[in-house]
Amino acid sequence: MGFFDTLMTPFTWAVSFILSMFHTGLTFLGLDPQSGWNWTISIILLVIVIRVILIPLFVRQIKSQRGMQIIQPEVQKLQAKYKGKKDPVSRQAMAQEQQALFKKHKVNPFMTCLPLLAQMPIFFALFWMLNRMRQEQYQQEGYGALSAGEVQSFDGSELLGVGMSDIFLPSFQSDPTQWNVVIMTSIMIVAMVLTQFFTQKQLMSKNMSEAALQGQFAQTQKMMLYMLPLVFVIGGVNFPVGVLIYWTATNFWTMGQQWWVIRNNPTPGSLAEKELNLRRAAKGLPPVNEKPQSTTEDKPKPTGEHRGQQAQPSKKKKRKKKR
């Protein structure tokens, strides 16, 4: 076993165990154990398990993104304060003040991408496992928690005539070209890229305040909007079908989860908050994130204590009529 096999062992074992469990359950319910649909549903259920486990990290991500947006006016003031100052002392002072600002508002820029990073070991484990399944050694001995029969079943299963381990690039370069694999993987790559793009676009267009849309944070979000789909296009042509299914299902989950959060708990000052308040107004409910107006009940009650001389209304002097 190579170094990377040893490194990936805990993750590949966990992923293979969950897949084996779902595959056995679906087979028990009547699905064909050799069917690609059985393994496809098992991968989608794997996504659901992973995303449910990651919900606490997603909540912290949302809070951190919201905090980063709220402090953008202060970050912009800090950047204006040190604009044009590129000496080491000024850079260090700016970094220290920025860290103090993050600490004061309890935000961490790293948390905004933590759920994505937390999924990477699972993604690489599935990628690694699918690449190993074609090797005769693992088809005889099994791989991770998968038995030899399950490895052969997974590797030999097909979804609409395309194998789980098939890849766009080798299929396109083969002679003759395997057009069924090329067409199927192309559709899945497009679906994966579009869901990634619209998830990021939804966040920027709906859930960012006007102040946040002007700062460095917005520039970072715009860069992710166009860079991530490009990364997935380049990587997608080298992903097996099983990995494309996993990542596309993950993107759909993220898009739905984010839509629910934005609709019901939007960032203050964002378009989503205005739309939420319109819906609440139509139902006769008060707007969210709005301070209640002071009423007469909020005024201090009289205590009977003397608080100084108050101005009295002056009396107009009446002029005497001349006779």
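Predicted model: local features only at pLDDT ≥ 70, side-chain atom pairs only at ≥ 80, totals over all residues.
**Ground rules.** I number residues from 1 along each chain as its sequence is written, and I use heavy atoms for side-chain values, leaving out hydrogens and water.

**Aromatic pairs.** I paired rings of Phe, Tyr and Trp (its six-membered ring) if their centres lie within 6.5 Å, calling planes under 30 degrees apart stacked, over 60 edge-to-face and the rest tilted. By this rule I count ten aromatic pairs. I take helices (H or I, at least four residues) and strands (E, at least two) as DSSP runs, numbered from the N terminus. For burial I use relative accessible area, with buried under 20%, exposed over 50% and partly exposed in between (1.4 Å probe, protein chains only). Phe127 is partly exposed at 22%, whereas Phe239 is buried at 10%.

I then turned to Phe168 and Phe172, which are stacked, with 5.9 Å from centre to centre and 5° between the planes. Both belong to helix H9 (residues 168-173) and are four residues apart, about one turn of the helix. Phe168 is buried at 16% relative accessibility, while Phe172 is partly exposed at 41%. Together with Trp179 they form one aromatic cluster.

**Nonpolar cores.** I define a core as a set of buried Ala, Val, Leu, Ile, Met, Phe, Trp, Tyr and Cys residues joined through side-chain atoms within 4.5 Å. The largest has 44 residues, and Val15, Leu19, Leu126, Met129, Phe154 and Tyr246 have the most contacts inside it. At least two of its residues come from each of helix H1 (3-28), helix H2 (36-53), H6, helix H8 (148-156), helix H10 (179-206) and H12. With contact meaning heavy atoms within 4.5 Å, I listed the neighbours of Leu19, leaving aside residues up to four places away in sequence, and found Trp39, Ser42, Ile43, Leu46, Leu126, Met129 and Phe154. A second, separate core has six residues, among them Met68, Val75, Leu101 and Phe102.

**Helix H2.** H2 has 18 residues and reaches 26 Å from its first C-alpha to its last, close to the 26 Å expected, the expected span being 1.5 Å times one less than the number of residues. Its buried residues include Trp39, Thr40, Ser42, Ile43 and Leu46. At the start of H2, I found a side-chain oxygen of Ser35 within 3.0 Å of the backbone nitrogen of Trp37. I also looked at Thr40, which is buried at 6% relative accessibility and touches Leu159, Met164 and Ile245, again not counting residues up to four places away in sequence.

**Helix H13.** The twelve residues of H13 (residues 271-282) should span 16 Å at 1.5 Å a residue, and I find its end C-alpha atoms 17 Å apart, which agrees. Ala272, Glu273, Leu276 and Asn277 are buried in this helix. They cover an arc of only 135° around the axis, which puts them on the same side of H13; the arc is that of the directions from the helix axis to the C-beta atoms. The buried residues of H13 pack against H10 and H12, while the face turned away from the buried side carries the exposed residues Leu278 and Ala282. Just after H13, Gly284 takes a positive phi of about 80°.

**Backbone and other details.** I noted a cis peptide bond joining Asp175 and Pro176, with omega about 5°, and placed Pro176 in the loop between H9 and H10. Leu160, a residue other than glycine, has a positive phi near 55°; this residue is in the loop between strand S1 (158-159) and strand S2 (162-163) and is exposed, with a relative accessible area of 64%. Last, I checked Ser64 in helix H3 (residues 55-70), which is buried at 5%. Ser64 and Met111 are 47 residues apart in sequence but 6.3 Å apart in space, C-alpha to C-alpha.

Conventions: Polar contact = N/O pair within 3.5 Å; in protein donor to acceptor, adjacent residues only side chain to side chain.
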